[in-house]
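Reader: I have a protein model open and would like to learn how to read it, one feature at a time. Could you take me through it?

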Amino acid sequence: MRTKALAPALLLLVSLATACSEASGADGGSKTVTVTVGYQSKTINTVTAGTLLRSLGYFEQELAARGKKDGVTYKVDWQDYATGAPITAQMTAGKIDIGSMGDFPLLINAARGKELKQPTRLVSVTGYNLRGGLNTVVTAPGSKLASLADLRGKKVSTSVGSAADGTLVRALQRAGIDPEKGIEKLNQQPSVGASALQAGSVDALSQFVAWPGQLAFEGRAKALYDGAELNLPTFHGVTVREKFAAERPGVLDDFLRAQRKATEYLRTRPVAAAESVAKETGLPPEVVYLYNGANGIATFDPALRPELLAALKEDVPVLKAAKLVDSVDVDAFVDPAPLARAAVGAAYPAAAPARPELWLKEGDRTQTFETPAALLKAIAAAGLPGGGGVRAAYVPDAVTGTLWFADKAVWVAEGAELRAFVTPSGATAYADQHAGSGARIVSFAEAGALAGALASTAP
């Protein structure tokens with residue numbers, strides 16, 4: 001008899017432990033439903049499903065409208081994490097309903113969900129880069145390492161199972177280095193790895209946004225390898241517990257509509273979005289804009305593009321080799337139906353080639369230029385980055401297209417042309433290939449002077 005008496009209490013505890021919790025009102029009429037969303041505030045190519053979306057309140061607005069129709073009070077519990085792994089752990093425990101994470105963590109999310117009888121589905125994309133430029137390997141500013149090949153036998157920090165780890169593994173393989181035996185890999189949280197790099201206890205750091213850009217901007221690191229050299233798409237996306245999606249499809253639709261609105265805001269007001277995300281995360285706005293700006297490294301579009309899903313399938317063997325998953329059925333994991341139901345507005349175009357861009361201190365808008373030389377001339381007129389009238393200047397890598405800070409890039413002069421590169425190895429390779437036409441590596445200051453000289457002699 002005692003067991004029967006305890007049964008209602010046990011059921012109540014189980015109900016409270018679930019992510020989408022329900023509580024009846026005091027009058028026994030209205031009820032409150034809490035939707036739990038896991039996000040990564042500082043992984044800033046997920047902001048349309050996390051940081052920016054939260055600050056704009058679009059999801060809450062959608063839920064408020066729904067609540068008026070069905071007599072329910074909806075609340076959102078936003079839970080912030082540094083990586084995708086803890087979001088997956090909480091989702092498979094039934095404690096997070098909707099989460100956002102990178103491509104490699106998404107596959108682990110799918111595998112763990114299936115194993116633990118809490119299946120999840122990929123329902124949308126946040127930010128992507130078709131060449132892989134969202135992940136970067138960096139070294140200390142004074143490091144003598146000049147290329148990825150120099151990492152053989154060195155200590156490298158990364159977050160195992162992350163998209164950045166996937167980039168590191170693939171890049172090392174292409175360089176002829178065994179990713180497990182050829183380096184000493186340290187599995188660390190991004191912040192720990194950044195501190196280790198600064199302390200000199202590791203030789204390099206392989207991480208995802210916004211860590212490489214932030215460290216470079218602050219003068220605490222320089223780029224060694226641009227993930228876009230792999231020419232393989234990388235992206236972050238939104239995953240949902242299958243049970244939650246089945247029980248509350250309308251709420252999921254509301255989330256995706258809200259994500260779409262946040263994406264529109266970011267694409268039409270990129271400077272304001274960067275300032276907002278910076279305020280919420282403590283990241284420098286200039287770093288946020290490097291990734292999320294009008295010509296940023298990340299392109300934002302919720303669509304489940306075929307090229308992204310094809311790349312996801314190519315990621316599975318990498319995770320299997322690392323013994324992080326047994327297998328993942330990507331086709332079964334992807335569910336395009338919710339996004340199709342919630343779609344509003346026209347489809348976004350694919351990413352266009354990035355152009356040089358200048359952000360002046362007194363302005364809330366940026367200027368774009370057709371050539372790096374034109375950007376350098378404008379910088380000279382306004383003042384160098386960090387002083388004068390320039391807040392930040394960005395330039396795309398001449399080969400990979402990855403945007404980088406103009407004063408942190410490696411410059412190559414070739415006749416009347418000036419080209420920028422994210423890494424020394426990229427600049428060296430280009431200069432060597434074009435030595436016959438006089439291509440040579442120059443400093444940022446020299447590039448600026450050359451741009452001024454070229455402008456004065458132009459007809």
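Predicted model: local features only at pLDDT ≥ 70, side-chain atom pairs only at ≥ 80, totals over all residues.

Reader: How is empty space found, and what is a pocket or a cavity?

Author: Rolling a probe the size of a water molecule over the atoms shows where empty space is left. On a 1 Å grid over the protein atoms alone, a cavity is a set of points where a 1.4 Å probe fits but cannot get out, whereas a pocket is an open set with protein on both sides within 12 Å along at least five of seven lines; lining residues have an atom within 4 Å of a point. Grid points are joined across faces, edges and corners, and a volume is the space filled by probe spheres set on the points.

Reader: Which residues lie nearest the centre of the largest pocket?

Author: They are A294, G296, T299, A351 and A352, out of 26 residues in the lining. Strand 5 (120–129), helix 10 (249–268) and strand 12 (299–300) are the elements that give two or more residues to this lining; helices (H or I, at least four residues) and strands (E, at least two) are DSSP runs, numbered from the N terminus.

Reader: How many cavities of 30 Å³ or more does the structure hold?

Author: There is 1, and the space in the largest cavity is about 100 Å³. Its lining has 14 residues, with T167, R170, L232, P233 and T234 closest to the centre, and helix 6 (163–174) and helix 5 (103–115) each give two or more residues to it. Helix 6 gives the most, with 4 residues.

Reader: Is T43 buried or exposed, and which residues does T43 touch?

Author: Buried means under 20% relative accessible area, exposed over 50%, and partly exposed in between (1.4 Å probe, protein chains only). T43, in the loop between strand 2 (31–39) and helix 2 (51–56), counts as buried because its relative accessible area is 1%. Contact means heavy atoms within 4.5 Å, and, not counting residues up to four places away in sequence, T43 touches A82, F208, V209 and H236.

Reader: Where is F405 found?

Author: F405 is found in strand 16 (residues 403–405), and F405 is buried because its relative accessible area is 1%. Leaving aside neighbours within four places in sequence, F405 is in contact with residues including G213, F217 and E286. F405 and A216 lie 189 residues apart in sequence, yet 8.4 Å apart in space, C-alpha to C-alpha.

Reader: What should I note about the backbone at K117 and at N231?

Author: K117 has a positive phi of about 60° although K117 is not a glycine, and N231 has a positive phi of about 55°, also without being a glycine. K117 sits in the loop between helix 5 and strand 5 and is exposed, with a relative accessible area of 72%. N231, in the loop between strand 10 (222–226) and strand 11 (234–241), is partly exposed, with a relative accessible area of 45%.

Notes:
Residues numbered from 1 in each chain as written. Heavy atoms only, no water.
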